[in-house]
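Here are my notes on this model, as numbered points. Have it open while you read.

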Amino acid sequence: MASVTDIGLETAPRTSSRDLQRLRIVPARHPWRVAGTVLAAAIILISLHSVFTNERWGWSVFAEYFFSEPVLAGLGRTLQLTAVSAVIGFILGGLLAFARVSKSPLLSTLSWGYIWLLRSIPLIVLLLVLNNLGYLYATINLGVPFTEIMWAQFDTVQTLSPFAVAVIGLSLNQAAFSSEIIRGGILSVDQGQHEAAAALGLSRWRQAVHIVLPQAMRAILPSGFNEIIGLAKATSIVYVLALPELFYTVQVIYRRNLEVIPLLMVATVWYLIIMVVLSAFQYLIEQYYSRGARREALPPLVDKLFRIISRKAPEVASAAPVSVVADRKPLAGFESGRIGGEVAIHGVNKSFGTLKVLDDIDLTVGSGEVVAIIGPSGAGKSTLLRTINHLERVNTGLVAIDSELIGYERRGDALYELKEPAIRRRRAGVGMVFQNFNLFPHLTALENVVEAPISVAGVPREQALASGRDLLARVGLADKADVYPRHLSGGQQQRVAIARALALRPKVLLFDEPTSALDPELVGEVLDVIKELAKSGTTLVIVTHEIGFAREVADRIVFMEAGRILEIAAPERLFSAPTHHRTREFLAKVL
Ligand SMILES: Nc1ncnc2c1ncn2[C@@H]1O[C@H](COP(=O)(O)OP(=O)(O)OP(=O)(O)O)[C@@H](O)[C@H]1O
């Protein structure tokens with residue numbers, strides 16, 4: 001056989017590590033990049049030279065008017081119009097966006113109609129119509145429509161000054177555009193976040209303002225600031241109302257002295273300054289809302305500023321070793337507050353369209369009992385679990401915790417569906433841990449844990465923080481309290497999620513495949529925590545693919561397939577002598 005040298009190839013000469021250390025590193029050269037930079041610099045210099053040496057730009061006139069009183073007054077009006085219209089426009093836009101995504105068809109259609117109409121009407125037409133409102137309606141009356149009752153009456157022309165017309169027109173127009181930007185942001189927030197917030201029993205308002213909006217902000221801000229910058233320039237359109245904002249003011253002056261270019265430059269430079277200030281704000285606000293969402297740390301100064309504002313401790317820089325689990329306080333010592341509750345599921349059916357996912361399910365989980373639900377993929381295990389805390393509505397049948405129906409109230413022979421607040425109150429007794437953790441990424445580990453105690457149970461903040469730290473210590477994460485979820489490992493995130501679910505001291509804890517999103521190495525640390533919980537007296541219902549774990553921890557195992565419970569038995573019996581042939585086949589495959 002021909003050797004490498006025979007056919008003309010030689011292996012590279014070996015280099016010792018000492019030789020390698022002496023070698024010089026030559027950076028790659030980018031001649032085209034250098035040429036491009038030189039060309040760009042030359043163009044900038046030539047342009048600046050031309051602008052500052054050509055007398056026709058009229059820089060002396062520019063200097064005379066830049067800080068002149070009428071220009072500053074016009075600038076003030078531009079800033080006022082921008083700020084007031086942006087604030088009103090975004091508040092109204094936010095309400096329209098929430099109406100658009102609401103479940104009420106009327107609200108959603110009204111919002112859609114408003115957005116369609118206002119985006120179709122040219123702004124100049126809207127302003128002129130509002131300015132001529134006095135012609136259409138001589139007075140504005142406050143009272144009860146179609147009756148004689150009237151509390152106040154205003155003269156339309158006097159009430160709607162040009163400034164008021166400008167603010168109303170710009171705000172109404174702005175609201176239509178910003179509502180779509182905000183809706184885009186809301187839709188960008190993962191569905192799991194809504195579910196986690198609902199499972200914790202947070203009110204709709206709290207979910208919207210504290211969980212969804214801060215996360216949506218990352219998507220909203222770039223386009224939102226684009227809109228505000230557009231608005232600052234669009235205010236010049238109010239010249240049709242003869243309102244002396246910045247642009248109108250310079251127009252008035254150059255019509256008088258014919259110094260068109262220098263005065264246009266006065267307006268342009270002020271607009272440039274406004275843009276610089278807005279861009280700096282945009283940078284800071286974007287950084288603020290990206291906390292927790294980025295893998296790398298914030299610039300140190302910005303981080304310090306935000307932590308001072310929000311009174312947060314700095315993140316711990318070093319990654320804690322996994323062995324910290326061994327040092328944690330035992331969970332068994334954590335008095336769960338309430339003893340475990342009994343879960344009763346009777347005749348539950350659930351379909352998605354034509355697909356029957358739960359078929360006449362009956363199951364009772366005793367107080368303090370640990371039940372593991374196993375079965376092939378698509379069997380309906382997760383759906384069954386989610387019906388227990390009413391995250392999934394059943395078509396027929398009942399689910400009760402300690403004889404209290406979760407989604408309904410019984411009056412005589414009829415079941416009345418409960419309203420959201422009542423369902424939330426009942427949900428508080430049932431904690432849930434999700435497969436993908438669903439931690440709130442913009443809140444630190446501790447903030448995740450204390451969110452529900454503070455906003456749902458009304459626990460005073462200091463007390464909630466102390467209990468939250470204690471809980472984190474019990475899941476082995478005492479030193480990670482001020483760390484954002486993205487800076488934690490999967491196993492650590494799941495342990496925070498368990499602490500969060502425990503914070504309301506639930507009677508029943510639901511686990512939906514708590515380890516399936518974890519590396520095999522991290523599975524153990526989460527299972528250890530659940531095993532301890534199993535001893536604490538809390539009722540646990542666990543959907544899992546970890547057959548060995550189910551066998552070890554569960555009092556009973558439920559085997560499900562195609563929406564039906566085929567077998568329920570103690571682990572020793574089910575694994576050694578399954579009675580149903582499908583259980584046997586399934587176990588033969590997975591064991
Ligand atoms: N929101 C939904 N809309 C339509 N179909 C759904 C929905 N949620 C679940 N399903 C369907 O219901 C069936 C049961 O789903 P479920 O998630 O409960 O199964 P599972 O036993 O937990 O499966 P896995 O072990 O793979 O998670 C599946 O066929 C799934 O496609």
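1. Domain bounds here come from an automatic or database domain assignment. On that basis the chain splits into domain 1 (71-144 + 152-251) and domain 2 (365-390 + 429-590), with C-alpha centres 44 Å apart. Each side of their contact (C-beta atoms, placed from the backbone, within 7 Å) is made of 12 residues from domain 1 and 12 residues from domain 2.

2. A caveat: this is a predicted model, where local features need pLDDT of at least 70, side-chain atom pairs count only at pLDDT 80 or more, and totals for chains, interfaces and linings use all residues. Residues are numbered from 1 along each chain as its sequence is written.

3. Which elements give two or more residues to the side of domain 1 that touches domain 2? They are α10 (191-199) and α11 (204-234); helices are DSSP runs (H or I, at least four residues), numbered from the N terminus. α10 gives the most, 5 residues.

4. Helix α6 (residues 123-131) packs on helix α9 (residues 162-188) at about 140°, axes 9 Å apart. Axes are lines fitted to C-alpha atoms over the stretch in contact, and angles run from 0 to 180 degrees between N-to-C directions. That makes α6 oblique to α9 (under 35 degrees is roughly parallel, over 145 roughly antiparallel, 65 to 115 roughly perpendicular, the rest oblique). Leu123 and Leu126 of α6 are among the contact residues, as are Val165 and Gly169 of α9.

5. UniProt's unreviewed entry lists "transmembrane region" residues including 32-52 and 260-285; such annotations may be inferred rather than shown by experiment. Residues 32-52 are 100% helix, with end C-alpha atoms 30 Å apart. For residues 260-285, also 100% helix, that distance is 37 Å.

Key. Two residues are in contact if their C-beta atoms, placed from the backbone, lie within 7 Å.
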